[in-house]
Amino acid sequence: MYLALLRGINVGGKNKLAMKDLQAMFVGAGCEGVQTYIQSGNVIFKAEPEVVEGLPDRIKAEIARQLGYHTPVVLRTTGQLRAVVASNPFLKAGVAEEILHVLFLADRPTPQSVAALDPDRSPPDTFSVQGQEVYLQLPNGAGRTKLTNAYFDSKLGTISTQRNWRTVTTLLVLLEEKGKL
């Protein structure tokens, strides 16, 4: 099972994309059992490895062709998402779930780029980079932080998409349930 996370879909009235149209794009690309979760571009699907190879670029190109805008697509397997949930350092420290978020990175950042991040960029907000994820603790909310996609993308040399912790854990439950079918 795979999870596709699209960035910036149906946010603030921009980049509108009906989930049925998004599902059709994944089916057209050779994916099976395609299911979306909420309206922000979360797609659960099955696919053979040869279909998954290059899938983010194919979906991005199809969105651009049909709708005229570009949106990054980041993939994770069920196992990878399970590891994301199990590895949240803030959750382990007892931080309230409602202020936790995860940035999913398309690529693994270099240790040098991670070391160059400013830990004091947006107090009281904090972050922890682990592998291809940036865990965020945002006590004042995602709308008020300077720890944005643009900041991390520019500093880490990749693209990212953010989800709140509730969405992350719900997506894992959906992936695991669908994987049992």
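Tutor: What follows starts with the pocket and then moves on to the sheets.

This is a predicted model, in which local features need pLDDT of at least 70 and side-chain atom pairs count only at pLDDT 80 or more, while totals for chains, interfaces and linings use all residues. Residues are numbered from 1 along each chain as its sequence is written, and side-chain values use heavy atoms, with hydrogens and water left out.

Rolling a probe the size of a water molecule over the atoms shows where empty space is left. A pocket here is an open set of points on a 1 Å grid over the protein atoms alone, where a 1.4 Å probe fits and protein lies on both sides within 12 Å along at least five of seven lines. The largest pocket has a volume of about 310 Å³; a volume is the space filled by probe spheres set on the points, with grid points joined across faces, edges and corners. Its lining has 15 residues, a lining residue being one with an atom within 4 Å of a point. Arg7, Gly8, Ile9, Val11 and Gln162 lie nearest the centre of the pocket. The lining divides into four nonpolar, eight polar and three charged residues. Here Ala, Val, Leu, Ile, Met, Phe, Trp, Tyr, Cys and Pro count as nonpolar, Asp, Glu, Lys and Arg as charged, and the others, Gly among them, as polar.

Strand S8 (residues 160-164) gives the most to this lining, with four residues. Strands (E, at least two residues) and helices (H or I, at least four) are DSSP runs, numbered from the N terminus. S8 belongs to an open antiparallel sheet of four strands, in the order S6-S7-S5-S8; two strands pair if DSSP finds at least two bridges between them. Strand S6 (126-130) and S8 are the edge strands, each pairing on one side only. Strand S5 (residues 100-105) pairs with S8 over five bridges. Gln162 in S8 is the bridge partner of Leu103.

Helix H7 (residues 149-156) touches S5, S6, strand S7 (133-137) and S8, where contact means heavy atoms within 4.5 Å. The direction of H7 makes about 140° with that of S8; such angles run from 0 to 180 degrees between N-to-C directions, with axes fitted to C-alpha atoms, for helices over the stretch in contact. Helix H8 (residues 165-180) touches S5, S7 and S8, and its direction makes about 90° with that of S8.

Back to Arg7. Its side chain meets that of Asp153 in a salt bridge, at 2.4 Å from N to O; the rule asks for a side-chain nitrogen of Lys or Arg within 4 Å of a carboxyl oxygen of Asp or Glu. Asp153 is in helix H7 and Arg7 in the loop between strand S1 (2-6) and helix H1 (19-28), so the pair links distant parts of the chain, 146 residues apart.

S1 belongs to another sheet, which is open and antiparallel with four strands in the order S2-S3-S1-S4. Strand S2 (32-37) and strand S4 (73-77) stand at its edges with a single partner strand each, so one side of each has no neighbour in the sheet. Five bridges join S1 to S4, and the partner of Leu6 in S4 is Val73. H1 packs on this sheet, touching S1, S2 and strand S3 (42-46). Helix H3 (residues 55-67) also packs on the sheet and touches S1, S3 and S4.
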